[in-house]
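Please read them alongside the coordinates.

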Amino acid sequence: FTKIIEYLDEYPKVFIVGADNVGSKQMQQIRISLRGKGELLMGKNTMMRKAIRGHLENNPQLEKLLPYIKGNIGFVFTKQDLNEVRDVIVSNRVGAPAKAGAI
């Protein structure tokens, strides 16, 4: 809870990334490739919403994020150029076979 507030204060830019069917090994690779460029934060959606709502008085622009906090998502906080960080995230995207019951 305190970590998301810390990141909201520290980093001016944020990505919302989907994390459906992402394994722990792949998540680890993404975190390693983002080192020095940004921070990946995953958490409970209700906790994230609560933290953002509590932080709205400091930064009212954050309200735009609230409708997107649905499903299995995470935040990538960064101070760098968004295109650079996006390229790092996209380069770690891996096709995976469908799991039983997923379709």
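Predicted model: local features only at pLDDT ≥ 70, side-chain atom pairs only at ≥ 80, totals over all residues.

1. The structure holds 1 salt bridge. E10 belongs to helix α1 (residues 2–10), while K79 sits in the loop between β3 (73–78) and α4 (82–91), so the pairing ties together parts that lie 69 residues apart in sequence. As background, side chains of opposite charge can pair when their charged atoms come close.

2. Helix α3 (residues 45–55) has N45, M48, A51, I52 and H55 buried. These residues cover an arc of only 130° around the axis, and they therefore lie on the same side of α3. In general, an α-helix has 3.6 residues a turn, so residues three or four places apart point the same way. The exposed residues T46 and K50 are carried on the face of α3 turned away from its buried side.

3. What covers the buried residues of α3? The cover includes α1, β2 (38–42) and β3.

4. The packing of α1 on α3 deserves a separate remark. Their axes come within 9 Å and cross at roughly 45°, which means that α1 is oblique to α3. The crossing in which α1 passes α3 is right-handed. On the α1 side the contact involves I4, I5, L8 and D9, which meet M48, A51, I52 and H55 in α3.

Conventions
Residues numbered from 1 in each chain as written. Heavy atoms only, no water. Salt bridge = Lys/Arg side-chain N within 4 Å of Asp/Glu carboxyl O. Helix = DSSP H or I, 4+ residues; strand = E, 2+ residues; numbered from the N terminus. Buried < 20%, exposed > 50% of the residue type's maximum accessible area, 1.4 Å probe, protein only. Arc of directions from axis to C-beta. Contact = heavy atoms within 4.5 Å. Axes fitted to C-alpha atoms, helices over the stretch in contact; angles between N-to-C directions. Parallel < 35°, antiparallel > 145°, perpendicular 65-115°, else oblique. Left-handed = near helix turned anticlockwise from the far one by under 90°.
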